[in-house]
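Here are some reading notes for the structure shown below.

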Amino acid sequence: MSQQDRLVIFDTTMRDGEQSPGASMTKEEKVRIGKALEKMRVDVIEAGFAAASPGDFAAIQAVAEAVRESTICSLARAVDRDLEHAAEALKKAERARIHTFIATSPIHMQYKLRMQPDQVVEQAIYAVKKARGFVEDVEFSCEDAGRSENDFLCRIIEAAINAGARTINIPDTVGYAIPEEFGHKIKTLLTRIPNSDKAIFSVHCHNDLGLAVANSLAAVANGARQVECTINGLGERAGNAALEEIVMATRTRHDLFNISTNIDTTHIVPTSRLVSSITGFPVQPNKAIVGANAFAHESGIHQDGVLKHRETYEIMKAEDVGWGANKMVMGKHSGRAAFRSRLEELGVTFDTDAALNEAFARFKDLADKKHEIFDEDLQALVSETINDSAPETFKLVALESHSAIGETPVTEVVVNHNGSEKRAKAQGSGPVDAALKAIDSIAESGANLLLYSVNAITQGTDSQGEVTVRLEKGGRIVNGSGADTDIIVASAKAYIHALNLLLTGAERQHPQSDGV
């Protein structure tokens, strides 16, 4: 397959996706996502921004060591410190890429960089050459390319390719572009730059106007052969182009795009659910491809048509993207070996027998409450085990709730606070409200509750409820998550998880830094 017939999928869930307020990930969580992306056969995984923090550096190192089939990438500004950190973090990668960038729009060069255009070109050449001294695979990005002048883009891109960049990224950094305009920009650059055939042209589109996927596809139609995207469209502000939509659009409309990807689409839904569980960002029911309603038909006319011939109303098969793959894998009689084996198939391993034993004990508790246990239950269970293994200021010990029609709900909790058990009771508009008020009367956090969300992990009335709680204090935003067959318990777990992150989550604080 020639390069013109192939679309490179570059996933930046762990870098740009992590810049969603509250969506920061631990090193262990990034490794889990990295393995899932590898199983999906993603070409390039941007694991982070090595120079941003020690936590990001360590996470990139861990992903580079754990993932062997995909190229592992680190973002770096066009400065020595960033490039050196990226190279060091990627040392153990089977295939490594440094992704360096500098702003190219007049407004960014004048007000942010305070550099003249000649200086920007010189810095770009220097950065690409230095990166090539570390790795063969170097990507160069023109930050805010969507608002950059084409003449200047042609000049700096030609210089970057001559310096050794083999991928050129044209990001719509602020989500300003319109598809026809953006597609024309890509075509213009490919036509006007003399050495454009020496590099793959990439796009990285933000979704501020809801056009990230449309702009990306317009670019592909005009010659771009790499798309930078995220699972579930996660990303700062309104997010990025959604990987699942890019992949399935080019696959479903192969007649128009005439290109293929390496992606194993059957892993799309499981990976979507994993990212949602780890970040605490639930997927809306009507989200394309991975939403719960994506393949649901309520209209009688639609149902009749689908039953007679699927393609009357369905342009994709649900099973092709991983729906229906949540088979029952475990039960209350399953042993430790089977439990470990199934988790390894899901890309989950434990560093110690103690961690495995803790997860297995939780599995047995869940099996007593829920007859059918699916892969999604196991992923949630692992997330909870990892959350609880982190330093905890608060830990839920017991909860009792009373709610009846015509009476004010009351919840009583027992919370371990730094080794000392404390009891509190509170009333609320509902049992969940009462539970969170009781917990906060002990914690006295002073935090603001920004979001409370409930999502069923699997089908059935005995499904675990997965709760996301977003808290803000002093400008810092965190997401806590909790799962349980009892939604009140799940809510209490999620609230306490968020409180612990506020107090002890410095390592999870992601960089809100410059980037494409």
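1. A cavity is a set of grid points where a 1.4 Å probe fits but cannot get out. Its volume is the space filled by probe spheres set on those points. The model is predicted, and a search of the whole structure finds two cavities of 30 Å³ or more. The second largest cavity has a volume of about 50 Å³.

2. Which residues line the second largest cavity? They are Ser-276, Gly-280, Phe-281, Pro-282, Ser-453, Asn-455, Glu-466 and Thr-468. Two strands, β14 (448-456) and β15 (465-473), each supply at least two residues of this lining. Sorted by class, the lining of the second largest cavity has five polar residues, two nonpolar ones and one charged one.

3. The second largest pocket has a volume of about 760 Å³. It is lined by 36 residues, and the closest to its centre are Val-269, Pro-270, Arg-273, Leu-274 and Glu-376. The classes in the lining of the second largest pocket are 15 polar, 14 nonpolar and seven charged residues.

4. Which helix gives the largest share of the lining of the second largest pocket? That is α11, with eight residues. At least two residues each come from α1 (27-39), α11 (268-279), α13 (336-345), α15 (375-389) and β14.

5. On the α1 side the contact is made by Glu-29, Arg-32, Ile-33, Ala-36 and Leu-37, which meet Thr-271, Leu-274, Val-275 and Ile-278 in α11. The residues of this contact of α1 with α11 are six nonpolar, one polar and two charged. Leu-274 is in this contact and is also one of the residues closest to the centre of the second largest pocket.

6. Elsewhere in the chain, helix α5 (residues 117-134) packs with helix α6 (residues 150-163) at an angle of about 25°, the axes being 8 Å apart. That makes α5 roughly parallel to α6, since angles under 35 degrees count as roughly parallel. The crossing of these two helices, α5 and α6, is right-handed. From α5, Pro-117, Asp-118, Val-120, Val-121, Ala-124, Ile-125, Val-128, Lys-129 and Arg-132 meet Phe-152, Arg-155, Ile-156, Ala-159, Ala-160 and Ala-163 in α6. The contact of α5 with α6 has 11 nonpolar and four charged residues, and no polar ones.

7. What else does α5 pack with? The axes of helix α3 (residues 80-89) and α5 come within 10 Å and cross at roughly 20°. The helices α3 and α5 are therefore roughly parallel to each other, and α3 passes α5 in a right-handed crossing. Asp-80, Leu-83, Glu-84 and Ala-87 in α3 meet Tyr-126, Ala-127, Lys-130, Ala-131 and Phe-134 in α5. By class, the contact of α3 with α5 has six nonpolar and three charged residues, with no polar ones.

Conventions: Residues are numbered from 1 along each chain as its sequence is written. This is a predicted model: local features need pLDDT of at least 70, side-chain atom pairs count only at pLDDT 80 or more; totals for chains, interfaces and linings use all residues. Side-chain values use heavy atoms; hydrogens and water are left out. On a 1 Å grid over the protein atoms alone, a cavity is a set of points where a 1.4 Å probe fits but cannot get out, and a pocket is an open set with protein on both sides within 12 Å along at least five of seven lines; lining residues have an atom within 4 Å of a point. Helices (H or I, at least four residues) and strands (E, at least two) are DSSP runs, numbered from the N terminus. Ala, Val, Leu, Ile, Met, Phe, Trp, Tyr, Cys and Pro count as nonpolar, Asp, Glu, Lys and Arg as charged, and the others, Gly among them, as polar. Axes are lines fitted to C-alpha atoms, for helices over the stretch in contact, and angles run from 0 to 180 degrees between N-to-C directions. Angles under 35 degrees count as roughly parallel, over 145 as roughly antiparallel, 65 to 115 as roughly perpendicular and the rest as oblique. A crossing is left-handed if the near helix is turned anticlockwise from the far one by less than a right angle, and right-handed if clockwise. Contact means heavy atoms within 4.5 Å.
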